[in-house]
Amino acid sequence: MATNREPTGGAFISVHLNNGTGGFGAAMNGGNLTSANVVVLGDFNRDGNLDMAIGSSPINGGLNIRLGNGTGNFPTGTTSGTSNDIRGITDMLTADFNGDGNLDLAFTTFGGYDTAPFNAVKLL
């Protein structure tokens with residue numbers, strides 16, 4: 001998967017499936033988000049398909065979760081978080097941080113947060 005990272009936004013996310021012979025197929029639309037900064041993959045709804053979490057720029061900010069359908073497409077998206085505590089995500093990773101069997105997200109934002117602690121790693 002490739003992302004086109006631009007400091008001012010304008011990222012288009014595309015998915016290229018491996019063809020099994022050392023090459024990749026044509027691009028499939030993984031999300032046309034005008035402010036995508038970072039992408040992580042994980043099975044967030046526990047249906048056996050990879051899903052995509054997309055962190056956005058501070059301008060159009062938010063966290064977008066796109067559910068995978070098992071074919072390499074991510075047609076369903078849900079955006080959450082318009083507060084500055086989620087806007088401007090610069091780095092993100094997924095793991096089961098609290099051991100409950102569900103994937104969590106850890107992220108940092110550009111320029112810190114509006115609420116204390118101002119310079120921290122946030123968890124969802």
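Leu-123 counts as exposed because its relative accessibility is 54% (exposed is over 50% relative accessible area, buried under 20%, partly exposed in between, with a 1.4 Å probe and protein chains only). You'll find Leu-123 in strand S10, residues 122-123 (strands are DSSP E runs of at least two residues, numbered from the N terminus).

## About the model

This is a predicted model, with local features needing pLDDT of at least 70, side-chain atom pairs needing 80 or more, and totals for chains, interfaces and linings using all residues. Numbering runs from 1 along each chain as its sequence is written, and side-chain values use heavy atoms, leaving out hydrogens and water.

## The cores

The largest nonpolar core has 9 residues: Val-38, Val-40, Ala-53, Leu-63, Ile-65, Ile-89, Met-92, Leu-105 and Phe-107 (buried nonpolar residues joined through side-chain atoms within 4.5 Å). Strands S4 (36-42), S6 (63-67), S8 (89-95) and S9 (104-109) each give it two or more residues. A second, separate core has 8 residues, among them Met-28, Ala-36, Met-52 and Phe-74.

## Strand S9

Thr-108 sits in strand S9 and is partly exposed, at 23% relative accessibility. Its C-alpha is 5.7 Å from that of Ile-89, 19 residues away along the chain.

Notes:
Helices (H or I, at least four residues) and strands (E, at least two) are DSSP runs, numbered from the N terminus.
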